[in-house]
Amino acid sequence: MNRTPDTPNTSDASAKASANNTATTKSRSKSEEKREAILTAAADLFIQQGFVNTSMDQIAKQAEVSKQTVYSHFGDKHGIFAASIEQKCIAHSLEAGFLQQDLPVEELLSDLSHRFAELVKSDDAISVARVCISNAEEYPDISNTFFEAGPERVMSIVIVFLEEQHRKGHLVIKNPTFAAYQLLHMLHGAASFKAQYGLLPNFDNQEQLDYIDDCVAMFLRAYKP
């Protein structure tokens, strides 16, 4: 008597696959939650007591995770510091993606400029900059980590954007690196410069917005064909 070969139960297979996917998602979600908790704890501690005075034990305790979990996510304290800077850039949407939208160059530059200005004048950014400055002579590697994860990262995004706009003929820029420095340093402005020293800005909110718009207009006058 011929036997019909057993056929796999597709509903059982689908159920198992779904269960595995759910478990993986939950595991990933839990890991991401721990990562976020570590970054939040580290950023708070770096701002409150400085990079040098913050230990991995303190970060783990405040994040309510094991020290091994901290190491497995970031490797060392410099890794956490760099990741916390990158997180601040992402929180202000300073990523390459938004500059790749199919919008007029004027609109993209304005959007970029307002996001960048908001970032550099934020309390967290100013506090981290002070940490770097206060430790620059004795611990220059802290400043290097900050610069690579923050300003240099944003600079690279802007340079690529300007190169693309030049290629499309929307801007005429012989040296995109110089142009990126010019734009970002203009945007840094008097408000954030004074804030680093604990001084009140010269401008009210509307004047700061007007200042940013003037910077964009000046940049476009210099580089539009």
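**Close-up views of a predicted model**

**View 1. Helices H7 and H8 where they pack together**. H7 and H8 pack with their axes 3 Å apart and at an angle of about 25 degrees, where axes are lines fitted to C-alpha atoms, for helices over the stretch in contact, and angles run from 0 to 180 degrees between N-to-C directions. The two helices, H7 and H8, are therefore roughly parallel to each other, a term for angles under 35 degrees, whereas angles over 145 count as roughly antiparallel, 65 to 115 as roughly perpendicular and the rest as oblique. Phe-146, Phe-147, Glu-148 and Ala-149 of H7 meet Pro-151, Glu-152 and Arg-153 of H8; contact means heavy atoms within 4.5 Å. This is a predicted model, in which local features need pLDDT of at least 70 and side-chain atom pairs count only at pLDDT 80 or more, while totals for chains, interfaces and linings use all residues. Residues are numbered from 1 along each chain as its sequence is written, and side-chain values use heavy atoms, with hydrogens and water left out.

**View 2. Thr-145 in helix H7**. Thr-145 is found in H7, which covers residues 140-149; helices (H or I, at least four residues) and strands (E, at least two) are DSSP runs, numbered from the N terminus. Thr-145 counts as buried because its relative accessibility is 13%, given that buried means under 20% relative accessible area, exposed over 50% and partly exposed in between (1.4 Å probe, protein chains only). Neighbours within four places in sequence aside, Thr-145 is in contact with His-78, Phe-81 and Ala-82.

**View 3. Helices H5 and H8**. The axes of H5 and H8 cross at roughly 170 degrees and come within 12 Å, and H5 and H8 are therefore roughly antiparallel to each other. Among the residues that meet here are Leu-109 and Phe-116 in H5, and Val-158 and Phe-161 in H8.

**View 4. The largest nonpolar core**. A nonpolar core is a set of buried Ala, Val, Leu, Ile, Met, Phe, Trp, Tyr and Cys residues joined through side-chain atoms within 4.5 Å. Of the 28 residues in the largest one, Leu-109, Leu-162 and Phe-219 touch the most other members. Helices H5 (105-120), H8 (151-168), H9 (176-195) and H10 (205-223) are the elements that give two or more residues to this core. Apart from neighbours within four places in sequence, Leu-162 is in contact with Leu-171, Ile-173, Pro-176, Ala-179, Ala-180 and Phe-219.
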